[in-house]
Amino acid sequence: MIIFKTLLTLFSLTPPFCIDGSFKEWNYVNSSNLGIIETKTSESRVAFLTKFQDSISLQNSSVPIILWIDRDHDQKTGDITAPLAGADLKIIFSPSTRYGKKANNGASVQQYIINDNSKNTSYKWKEYKPSIVNLTFAPTTKSNLFEIHLNVENFKSKSNKSSALLTLNEKIINSPITFNIIKGKSSNKIKFDINKLKSNLRVISWNGENGALLKNKSRSKRIIQALNPDIILLQEVKESSSKEDLENFLNNLNIGTWTSSISNSERIVSVTATKLSARSVPEFDNLINDDIKSPVRGSALEIKYMDKILLVSSIHLKCCGGATGREENIRISQSKLLNERFKKASKRIKASGVIIGGDFNLVGTNKPLEILQESSLNATLVNPLLFQPDGVFTATWDRDTSNFTPGRIDFILYSPEIGSLEKSFILDTRDLNDETLLKMNLKEYDTTNASDHLPIAIDLNCKRSSP
Ligand SMILES: [Ca+2]
Ligand SMILES: [Ca+2]
């Protein structure tokens with residue numbers, strides 16, 4: 001019995017899906033069907049593979065996309081007039097309105113409820129934030145294939161069976177698909193090894209929301225000490241907090257003596273810091289985007305590591321918008337300017353390689369990322385796919401109270417010449433079990449309380465070029 005329980009626990013810890021925007025785990029990915037093609041479940045969680053005729057941006061679509069769910073697989077309960085008769089839940093991408101106001105972006109979750117007001121019984125769709133079902137999908141950029149994840153544990157049902165159907169602009173795109181939900185809570189707490197090997201180079205990137213890093217210093221200290229990086233790439237450090245404040249904070253962590261470089265942007269700045277030997281990079285002193293006459297939030301350092309000279313940078317591209325429009329155009333022109341400066345500086349310092357990390361705000365297309373990946377004079381920069389400790393999610397941005405769903409928008413790119421990737425992860429302290437939290441001196445909600453972005457880390461194993 002004990003063996004059976006252990007096996008069951010092990011089994012339940014590895015869901016049969018990864019919400020990473022790659023579709024290896026799906027059997028019918030090449031099917032010509034549209035809408036929901038396949039489902040996979042793990043306890044109260046379900047993942048849908050969905051396909052659309054044309055590429056769309058799920059959270060920035062001009063027409064709403066609705067995932068209808070008949071939670072109890074009973075046509076007599078729920079909305080009997082819905083495209084999926086008996087639907088009890090609606091997952092709406094790009095809803096036209098939200099809480100009575102114009103929306104056309106983000107997502108919304110609605111539950112069909114009976115409004116039993118003594119005499120007047122009426123029915124309505126009650127609205128919730130997407131986090132009520134842990135709504136997550138990938139990719140966050142424009143695509144015609146998506147994997148969509150929900151956890152329906154907050155919406156109990158007497159039946160294990162549920163069914164679902166997808167509509168695009170009120171048109172049904174697939175016939176109902178049925179799946180089983182096993183009752184009970186899903187646990188994703190795991191033992192996770194955060195430590196790095198001494199011989200590896202650890203780079204972390206973290207958008208510490210609107211100056212949060214230096215606001216709650218004890219929490220930031222716990223997080224950075226646990227990560228124990230050699231290079232830190234920070235975004236959204238307040239311009240008002242001086243270089244000295246930041247270096248004092250880092251030096252008080254007792255993990256080395258730090259040098260930093262700060263972007264010349266206004267209000268919030270991007271910081272590149274290291275405890276290795278470093279020099280400033282003048283090519284980043286005057287980073288003005290001519291298109292909008294505005295400074296780009298990018299800083300850089302020339303770092304000496306072993307026998308290598310590294311050009312390392314922390315960047316923060318324009319936020320928001322979708323696949324077309326002003327914000328996406330700014331992201332593209334910012335990436336072009338950065339690309340040009342990386343090449344110019346690399347040439348001058350004879351860089352062995354480039355490391356670029358930060359908040360790319362990749363909510364439109366992949367174009368800004370592709371431009372940045374070509375920022376080295378040599379090979380295309382590697383874009384490693386990082387996972388949260390649970391091994392299921394790749395989202396680096398996550399805010400429970402938001403109308404937008406978690407997404408992968410932070411990246412660390414590196415030149416393959418620097419070394420091989422030994423370890424990489426997105427730190428979400430909610431995924432760690434008590435043993436790991438205690439060992440690393442972390443608290444369960446440290447990362448999500450600190451910022452809407454999670455810290456990301458890569459460890460590179462660098463070999464000397466010559467013996
Ligand atoms: Ca996947
Ligand atoms: Ca129903």
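**View 1. The loop that holds P139 and its cis peptide bond.** P139 sits in the loop between β9 (136-138) and β10 (143-151); helices (H or I, at least four residues) and strands (E, at least two) are DSSP runs, numbered from the N terminus. The peptide bond that joins A138 and P139 is cis, with omega of about 0 degrees. Most peptide bonds are trans. The view, like those below, shows a predicted model, in which local features need pLDDT of at least 70, side-chain atom pairs count only at pLDDT 80 or more, and totals for chains, interfaces and linings use all residues. Residues are numbered from 1 along each chain as its sequence is written, and chains are lettered from A and ligands numbered from 1 in the order in which they are written.

**View 2. Confidence along the protein.** The mean pLDDT, the predictor's confidence in each residue from 0 to 100, is 92, and 96% of the residues reach 70 or more. Over residues 1-12 pLDDT stays under 50, and the model has two contacts for them beyond four places in sequence. Two residues are in contact if their C-beta atoms, placed from the backbone, lie within 7 Å.

View 3. The protein is divided into domain 1 (31-180) and domain 2 (201-461), with bounds that come from an automatic or database domain assignment. Taken over C-alpha atoms, the centres of domain 1 and domain 2 are 34 Å apart. Domain 1 gives 17 residues to the contact and domain 2 gives 20 residues. On the side of domain 1 that touches domain 2, the elements that give two or more residues are β7 (107-117) and β9. The largest share of that side, three residues, comes from β9. By class, the side of domain 1 that touches domain 2 has five nonpolar, nine polar and three charged residues; Ala, Val, Leu, Ile, Met, Phe, Trp, Tyr, Cys and Pro count as nonpolar, Asp, Glu, Lys and Arg as charged, and the others, Gly among them, as polar.

**View 4. Helix α3 and its buried face.** In α3 (residues 217-227), the buried residues are S220, I223, I224, A226 and L227. Seen down the axis of α3, these residues fall within an arc of 160 degrees, so they line one face of the helix; the arc is that of the directions from the helix axis to the C-beta atoms. A residue is buried if 20 or more other C-beta atoms lie within 10 Å of its own, exposed if 12 or fewer, and partly exposed in between, with C-beta atoms placed from the backbone. The exposed residues K217 and S218 are on the face of α3 turned away from its buried side. The buried residues of α3 pack against β14, α2, α8 and β26 (456-461).

**View 5. Strand β26 and its partners.** Five of the six residues of β26 are buried. β14 and β26 run antiparallel and are joined by five bridges, with S205 the bridge partner of I456 in β26. β25 (residues 420-426) pairs with β26 in the antiparallel sense over six bridges, and K423 has D459 of β26 as its bridge partner. Two strands pair if DSSP finds at least two bridges between them.

**View 6. Asparagines with positive phi.** N210, in the loop between β14 (201-207) and α2 (212-215), has a positive phi of about 45 degrees. N210 counts as partly exposed because 14 C-beta neighbours lie inside 10 Å. In the loop between α7 (434-439) and α8 (446-450), N441 has a positive phi of about 55 degrees. With 12 other C-beta atoms within 10 Å, N441 is exposed. Most residues other than glycine have a negative phi.
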